[in-house]
Amino acid sequence: MRKFLIFVYLFIMSMMGCSSGSDIAFFQDAIEQSDITKKYDIILVIPGTGCHGCITGVEFFVKEHIQEYDNVLFVFTGVKSIKVLKMKLGNEIMDKRNVQLDLDNVFFNYTIKDAIYPVVVYLKNKRVCHIEHVSPANKYSIEQLLRLNK
């Protein structure tokens, strides 16, 4: 009976928003291809297009709270206009050491699950261990997601 309960638990957990292996592999490859030199606990990937409300909310959060998150790398990818992004966030945000513009779109790929949403990528020793999408389906706010790893 115990083995059955463990199996049921693992099955349910696998169905409840866990990151797929291909998503993890994609972000691991992106990290290895990019020029990230500092060790970060979290990477917040913000796409240039997708769920407008989700992206706008995360951009506002970054603008208001970036100074609180030295352990987080904020990556803006799939950006259509750098000028518009700078106007929305301000030049001072774009010049922070934990903000990266992904001009080569290494972190941008519509083939991954829920690519229209910002993604919180949790790292341990520069290895991706978990992914959470910032979407209406996620019960956590962006602030809660970024604090989960602290």
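Reader: Which residues does G78 touch, not counting residues up to four places away in sequence?
Author: The model is a predicted one. Contact here means heavy atoms within 4.5 Å. With residues up to four places away in sequence left out, the partners of G78 are G48, T49, D102, N105 and F108.

Reader: How many Å apart in space are G78 and N105, C-alpha to C-alpha?
Author: N105 is among the residues that G78 touches. In sequence, G78 and N105 are 27 residues apart. In space, their C-alpha atoms are separated by 5.6 Å.

Reader: Does G78 count as buried or exposed?
Author: G78 sits in the loop between β2 (72-77) and α4 (82-89). Buried means under 20% relative accessible area. Because the relative accessibility of G78 is 8%, this residue counts as buried.

Reader: What is the volume of the largest cavity?
Author: Counting those of 30 Å³ or more, the model has 2 cavities. The lining of the largest cavity includes T77, F107 and F108, and F108 is also one of the residues touched by G78. The space in this largest cavity is about 70 Å³.

Reader: How many residues of the lining of the largest cavity are charged?
Author: F27, V45, P47 and I112 are among the residues that line the largest cavity. The lining divides into 9 nonpolar and 2 polar residues. The number of charged residues is given as no charged.

Reader: How many residues of the lining of the second largest cavity are charged?
Author: The second largest cavity has about 40 Å³ of volume. Its lining includes K38, K39 and K126, and Lys counts as charged. Beside 5 nonpolar and no polar residues, the charged ones number 3.

Technical notes
Residues numbered from 1 in each chain as written. Predicted model: local features only at pLDDT ≥ 70, side-chain atom pairs only at ≥ 80, totals over all residues. Heavy atoms only, no water. 1 Å grid on protein atoms, 1.4 Å probe; cavity = no way out; pocket = protein on both sides within 12 Å on 5 of 7 lines; lining within 4 Å. Points joined across faces, edges and corners; volume = space filled by probe spheres on them. Helix = DSSP H or I, 4+ residues; strand = E, 2+ residues; numbered from the N terminus. Buried < 20%, exposed > 50% of the residue type's maximum accessible area, 1.4 Å probe, protein only.
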